[in-house]
Amino acid sequence: MQSKAIFLPAVAMVALTCAVWLRMYVVRIGQMRRERIHPQAVATSAQAVARLTDSAAADNFRNLFELPVLFYLAVVVAGSAGLADGATLVLAWLFVALRIAHSAIHCSYNRVMHRFFVYAAGALALWALWIHLAIGLLSS
């Protein structure tokens with residue numbers, strides 16, 4: 001049961017990524033309609049940066065493909081190597097909870113220092129997860 005339970009935090013991260021993706025498109029399409037921006041006017045990233053000023057959700061969406069890539073790999077390693085113990089689950093869920101908080105801050109009031117502290121805490125949870133997995137892999 002625990003080996004399957006380790007994949008639930010990954011499902012939660014996918015759900016978060018989907019929610020931010022939807023938010024990004026609602027914001028972008030809304031701004032394009034309000035300001036009558038033709039889609040071809042934002043065909044490149046440089047054009048989009050110049051015209052689409054509300055970029056927090058897009059920035060957060062891109063961020064969900066940085067450190068979380070290591071999280072997804074950790075989940076697969078834990079599940080396939082039989083290392084999905086209680087500590088692994090706690091660290092995985094802690095990372096997810098902190099990523100949810102990070103995305104909520106980033107996509108709403110976007111206070112940089114609040115976002116940074118939550119990001120850093122999430123990164124520490126991820127590094128702790130990898131240290132725990134490395135110890136488990138090396139001792140087996």
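**A ring pair and the helices around it**

Tutor: The structure holds five aromatic pairs, where rings of Phe, Tyr and Trp (its six-membered ring) pair if their centres lie within 6.5 Å, and planes under 30 degrees apart count as stacked, over 60 as edge-to-face and the rest as tilted. In one of these pairs, the ring centres of F71 and F95 lie 4.9 Å apart and the ring planes stand at 25°, so this pair is stacked. Because F71 belongs to helix α5 (residues 67–80) and F95 to helix α6 (residues 86–106), the pair ties together parts of the chain that are 24 residues apart in sequence. Helices (H or I, at least four residues) and strands (E, at least two) are DSSP runs, numbered from the N terminus. This is a predicted model, so local features need pLDDT of at least 70 and side-chain atom pairs count only at pLDDT 80 or more, while totals for chains, interfaces and linings use all residues. Residues are numbered from 1 along each chain as its sequence is written, and side-chain values use heavy atoms, with hydrogens and water left out.

From the rings we can turn to the packing of whole helices. Two packed helices are described by the angle between their axes and the distance between the axes. Axes are lines fitted to C-alpha atoms, for helices over the stretch in contact, and angles run from 0 to 180 degrees between N-to-C directions.

Helix α5, which carries F71, packs against helix α7 (residues 112–139) at an angle of about 30°, with the axes 10 Å apart. The two are therefore roughly parallel to each other, as angles under 35 degrees count as roughly parallel, over 145 as roughly antiparallel, 65 to 115 as roughly perpendicular and the rest as oblique. Their crossing is left-handed, a name used if the near helix is turned anticlockwise from the far one by less than a right angle, and right-handed if clockwise. On the α5 side the contact is made by L67, L70, F71, L73, A74, V77 and A78, and on the α7 side by Y119, A123, L126, W127, L129, W130, L133 and L137. These residues divide into 15 nonpolar, no polar and no charged, where Ala, Val, Leu, Ile, Met, Phe, Trp, Tyr, Cys and Pro count as nonpolar, Asp, Glu, Lys and Arg as charged, and the others, Gly among them, as polar.

Helix α6, which carries F95, also meets α7: the axes come within 9 Å and cross at roughly 160°, which makes α6 roughly antiparallel to α7. This crossing is left-handed too, and its residues include L91, F95, L98 and H102 of α6, with V118, Y119, L126 and L133 among those of α7. By class, this contact has 16 nonpolar, six polar and two charged residues.

Helix α4 (residues 56–63) packs against α6 at about 155°, with the axes 9 Å apart, which makes α4 roughly antiparallel to α6, although here the crossing is right-handed. A56, D59, N60 and N63 in α4 meet R99, H102, S103 and H106 in α6, and this contact has one nonpolar, five polar and two charged residues. S103 of α6 is buried at 4% relative accessible area, and, leaving aside neighbours within four places in sequence, S103 is in contact with L16, V20, N60 and L64.

To place this part in the whole, the chain has seven helices and zero strands, and buried residues make up 40% of the 140 residues.

Definitions and conventions
Contact = heavy atoms within 4.5 Å. Buried < 20%, exposed > 50% of the residue type's maximum accessible area, 1.4 Å probe, protein only.
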